[in-house]
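Hi,

Here is the structure I promised to pass on.

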Amino acid sequence: FLRLVIEGSATGLRVFMGDERAMREGLRAGACGIVPGCANFEPQTYVQAYEAAMAGDDAALERRFARMMALRERLVLASPCWLS
């Protein structure tokens with residue numbers, strides 16, 4: 001992913017990050033946005049994470065990342081089929 005972001009930027013490629021476990025590092029690496037499944041449940045958390053990353057506010061990003069992981073644990077990993 002890092003290579004894609006770094007080398008792709010030279011050609012105008014913009015990359016979105018989708019895996020919530022890697023969003024924090026993806027945004028720090030230069031991802032232009034995020035596409036998280038759990039944002040359908042609690043969008044403000046993800047908007048705040050994105051804004052914190054774009055502002056370089058690591059403390060705020062860490063707080064939002066902790067919430068993202070809690071949502072992932074409760075929503076995605078709660079059952080064999082998270083959509084249910």
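**Salt bridges**

Arg24 and Glu25 form a salt bridge, with their closest N and O atoms 3.4 Å apart; the rule is a side-chain nitrogen of Lys or Arg within 4 Å of a carboxyl oxygen of Asp or Glu. That pair belongs to one network, in which salt bridges with shared partners join Arg24, Glu25, Arg28, Asp58 and Glu62. Glu25 is partly exposed at 44% relative accessibility (buried is under 20% relative accessible area, exposed over 50%, partly exposed in between, with a 1.4 Å probe and protein chains only).

Before I go on, some housekeeping: this is a predicted model, where local features need pLDDT of at least 70, side-chain atom pairs count only at pLDDT 80 or more, and totals for chains, interfaces and linings use all residues. Residues are numbered from 1 along each chain as its sequence is written, and side-chain values use heavy atoms, with hydrogens and water left out.

By the rule above, the count comes to 8 salt bridges. Another of them pairs Arg21 with Asp19, at 3.1 Å between the closest N and O atoms, and Asp19 is partly exposed with a relative accessible area of 31%.

Then there is Glu7 with Arg3, whose side chains meet in a salt bridge at 3.0 Å, N to O. The two sit 4 residues apart in helix α1, so about one helical turn separates them (helices are DSSP runs of H or I, at least four residues, and strands are runs of E, at least two, numbered from the N terminus). Arg3 is exposed at 60% relative accessibility, whereas Glu7 is partly exposed at 48%.

**A nonpolar patch**

Phe1, Leu2, Leu4, Ile6 and Leu13 make a nonpolar surface patch of about 470 Å². Patch residues have over 30% relative accessible area and no salt bridge, with like charges joined within 9 Å and nonpolar side chains (Val, Leu, Ile, Met, Phe, Trp, Tyr) within 5 Å; areas come from the Shrake-Rupley method with a 1.4 Å probe, and for residues only the protein chains shown count as cover. Leu13 lies in the loop between α1 (2-9) and β1 (16-17) and is partly exposed, at 40% relative accessible area.

**Helix packing**

How do α3 and α4 run relative to each other? Their axes (lines fitted to C-alpha atoms over the stretch in contact, with angles from 0 to 180 degrees between N-to-C directions) come within 8 Å and cross at roughly 150 degrees. α3 and α4 are therefore roughly antiparallel, a label for angles over 145 degrees.

Cheers

Note on methods. Angles under 35 degrees count as roughly parallel, over 145 as roughly antiparallel, 65 to 115 as roughly perpendicular and the rest as oblique.
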